[in-house]
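Colleague: I have a model open and I'd like to learn how to read it. Could you walk me through it, feature by feature?

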Amino acid sequence: MSSAVRRISLGINWLDYALLGGVPRGNWLLVTGEPGVGKSILTIQAAGANVDAMPVVYVSTETRFFDVVRQAKQFNIDLSDAVSLADVLAGKVKDVKTNLVVIDLFGLAREYRELLRAGEDEEGKAKAKSPLSMEVVISAIERAYEVLGVSEEGKITRDVLVIIDSLAPMWAHAPAMARLITYRLRQRLYRSNVTVIMTNQFAPTTGMTFGFGAEHIADAIIHMWIEQPERKKEIERWLIIKKARLTNHYRKAMKYEIEPGKGLTLIEPSIEELKKWFDEYAGKQGSSEEE
């Protein structure tokens, strides 16, 4: 898949076709959906697809390092070379040779203690309020940059993929601050060579993302849902690309399933139909940027 815009694959061929080759380099992709739709699986597939080509920082605010690696194995994705930031901070890993640093709950807790010991005030890094606060997540990501050897005097020297699964715990203590927190997150992390994939919970009961969402900082949004399980008496998963800047994306809903050993697999439309659509529109992408 080639296009004028440099793109980052999501590791899911049919979804890459629908995005004309993937997420534009430097864009922020938000993946929303209720529990059980496969948001974490999508991010794991994206990590597996890119880890050989570029450094990847995977932030898991709800699970442990071993759970991420184990879940990847269920879909034939080998993340065994990953290093836990918690182990690095604890001195258990000395010579880091990896393209993937996983920041889990333990890594965030250790970084939180590091910030408290440093006693930094608002003139430096803002003082951390909890292990899951925005300040700790950002500090941990910046620490991962150092571990991966891509940070030099505040500059990121290589293309990097940052995955945050999920955003919601960062404002669980103060839901009304969600918009401000995500604005600050983008302000601190935005670089033209850093592509970010974020997930956020979507409440089917209210039709809203928890904590007022993060749509305002997203360049692209993929929404995933389960179609009326009470009426259909089965789990029927769908997703749609709601927006994607620099991309004349596919505009119809796509039905998919989660298969062991494969991950997110397309049910309808057919992969042939998406390929045909891709071939037709790939040359037109970039003609107008979506807002």
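Modeller: Let's start with a term we'll keep using: a residue is buried when its relative accessible area is under 20%, exposed when over 50%, and partly exposed in between. Keep in mind that this is a predicted model. E259, for example, has 29% relative accessibility, so it counts as partly exposed.

Colleague: What percentage of the residues of the protein chain count as buried?

Modeller: Buried residues make up 53% of the 291 in the protein chain. The accessible surface comes to about 13700 Å², and carbon and sulfur atoms hold 48% of that.

Colleague: And how many helices and strands are there in the protein chain?

Modeller: There are nine helices and 15 strands. To see how the chain folds back on itself, look at contacts between residues at least 6 apart in sequence: 66% of them join residues at least 24 apart.

Colleague: Now charges. How many salt bridges does a search of the whole structure find?

Modeller: For a salt bridge, you look for a side-chain nitrogen of Lys or Arg within 4 Å of a carboxyl oxygen of Asp or Glu. The search turns up 14 of them.

Colleague: Which residue does D159 form a salt bridge with?

Modeller: Its partner is R6, and the closest N and O atoms are 2.8 Å apart. The two come from distant parts of the chain, 153 residues apart: R6 sits in the segment before strand 1, and D159 in the loop between strand 8 and strand 9. There's a network here too, with salt bridges linking R6, R25 and D159.

Colleague: Are D159 and R6 buried or exposed?

Modeller: One of each. D159 has a relative accessible area of 12%, so it is buried, while R6, at 52%, is exposed.

Colleague: What about a pair within one helix: how far apart are R70 and D67?

Modeller: They are three residues apart in helix 3, which means about one helical turn separates them. R70 is exposed, at 52% relative accessible area.

Colleague: Staying with helix 3, at what angle does helix 2 pack against it?

Modeller: The angle is about 85°, with the axes 10 Å apart. Angles of 65 to 115 degrees count as roughly perpendicular, so that is how helix 2 runs relative to helix 3. Helix 2 brings S40, I41 and I44 to the contact, and helix 3 brings V68, Q71 and A72. By class, that gives four nonpolar residues, two polar and no charged ones.

Colleague: On to the backbone. Where is there a cis peptide bond?

Modeller: Check omega. From E268 to P269 the bond is cis, with omega near 0°; P269 is in the loop between strand 15 and helix 9. Another cis bond joins D165 and S166, where omega is about 5°. S166 belongs to the loop between strand 9 and helix 7.

Colleague: And phi: which residue has a positive value although it is not a glycine?

Modeller: L246 is one, with phi of about 65°. You'll find L246 in the loop between strand 13 and strand 14, partly exposed at 30% relative accessibility. E153 also has a positive phi, near 50°. E153 lies in the loop between strand 7 and strand 8 and is exposed, with a relative accessible area of 81%.

How values were computed. Residues are numbered from 1 along each chain as its sequence is written. This is a predicted model: local features need pLDDT of at least 70, side-chain atom pairs count only at pLDDT 80 or more; totals for chains, interfaces and linings use all residues. Side-chain values use heavy atoms; hydrogens and water are left out. Helices (H or I, at least four residues) and strands (E, at least two) are DSSP runs, numbered from the N terminus. Buried means under 20% relative accessible area, exposed over 50%, partly exposed in between (1.4 Å probe, protein chains only). Contact means heavy atoms within 4.5 Å. Accessible areas come from the Shrake-Rupley method with a 1.4 Å probe; for residues, only the protein chains shown count as cover. Axes are lines fitted to C-alpha atoms, for helices over the stretch in contact, and angles run from 0 to 180 degrees between N-to-C directions. Angles under 35 degrees count as roughly parallel, over 145 as roughly antiparallel, 65 to 115 as roughly perpendicular and the rest as oblique. Ala, Val, Leu, Ile, Met, Phe, Trp, Tyr, Cys and Pro count as nonpolar, Asp, Glu, Lys and Arg as charged, and the others, Gly among them, as polar.
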